[in-house]
Amino acid sequence: MSKSYLDLEIYKISFDLFIKTHQLSMRLPKHELYELGSQLRRACDSINSNIVEGYGRRKYKNEFIRFLIFSHSSNLETINHLKKIQILYPKITSTKSLLDEYVVLGIKISNFISYVEKNWKS
């Protein structure tokens with residue numbers, strides 16, 4: 001068992017992706033900074049924050065799983081926002097690589113949820 005959420009691979013990846021995604025969102029046209037940009041920033045922040053909050057409740061297995069599911073859902077939302085940006089603003093070239101990284105993260109979160117369901121002791 002991890003001693004801290006900081007040890008979780010999904011935390012490390014989601015934190016790194018949050019920074020990259022936040023930086024990308026600030027390159028959107030000014031009129032999108034508080035529309036699609038804000039939605040993207042909140043969604044990618046939610047992935048990371050729900051991992052942390054869930055870990056804080058890890059003593060209660062069902063609570064931990066619940067927050068991991070929130071994290072996975074926010075990952076899907078982030079992918080959706082990035083797809084919109086990819087179509088609407090094709091000059092922002094880093095969108096494709098971020099999309100690929102979020103797909104991998106989603107798989108890792110899903111696998112971690114399965115691990116917790118099968119192996120976590122309350």
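Phenylalanine 112 and tyrosine 115 sit together in helix 4, 3 residues apart, or about one turn of the helix. In this predicted model, phenylalanine 112 has 16% relative accessibility; because buried means under 20%, phenylalanine 112 counts as buried. Tyrosine 115, with a relative accessible area of 40%, is partly exposed.

Let's look at the aromatic side chains as a group. The structure holds 9 aromatic pairs. One of them joins tyrosine 5 and tyrosine 55, and this pair links distant parts of the chain: tyrosine 5 belongs to the segment before helix 1 and tyrosine 55 to helix 2, 50 residues apart. Tyrosine 5 is partly exposed at 27% relative accessibility, while tyrosine 55 is buried at 4%. Here are two pairs with their geometry:

| Aromatic pair | Arrangement | Centre to centre | Angle between planes |
|---|---|---|---|
| Tyrosine 5 and tyrosine 55 | edge-to-face | 6.5 Å | 65° |
| Phenylalanine 112 and tyrosine 115 | stacked | 6.0 Å | 25° |

Now to the nonpolar core. Of the 30 residues in the largest one, which touch the most other members? They are Ile10, Leu68, Ile85 and Tyr102. Helix 1 (9-25), helix 2 (36-56), helix 3 (61-88) and helix 4 (95-119) each give two or more residues to this core, and helix 4 provides the largest share, 8 residues. Leaving aside residues up to four places away in sequence, leucine 68 touches Ile10, Ile51, Ile109, Phe112, Ile113 and Val116.

Key:
Residues numbered from 1 in each chain as written. Predicted model: local features only at pLDDT ≥ 70, side-chain atom pairs only at ≥ 80, totals over all residues. Heavy atoms only, no water. Core = buried A, V, L, I, M, F, W, Y, C linked by side-chain atoms within 4.5 Å. Buried < 20%, exposed > 50% of the residue type's maximum accessible area, 1.4 Å probe, protein only. Helix = DSSP H or I, 4+ residues; strand = E, 2+ residues; numbered from the N terminus. Contact = heavy atoms within 4.5 Å. Phe/Tyr/Trp six-rings, centres within 6.5 Å; stacked < 30°, edge-to-face > 60°.
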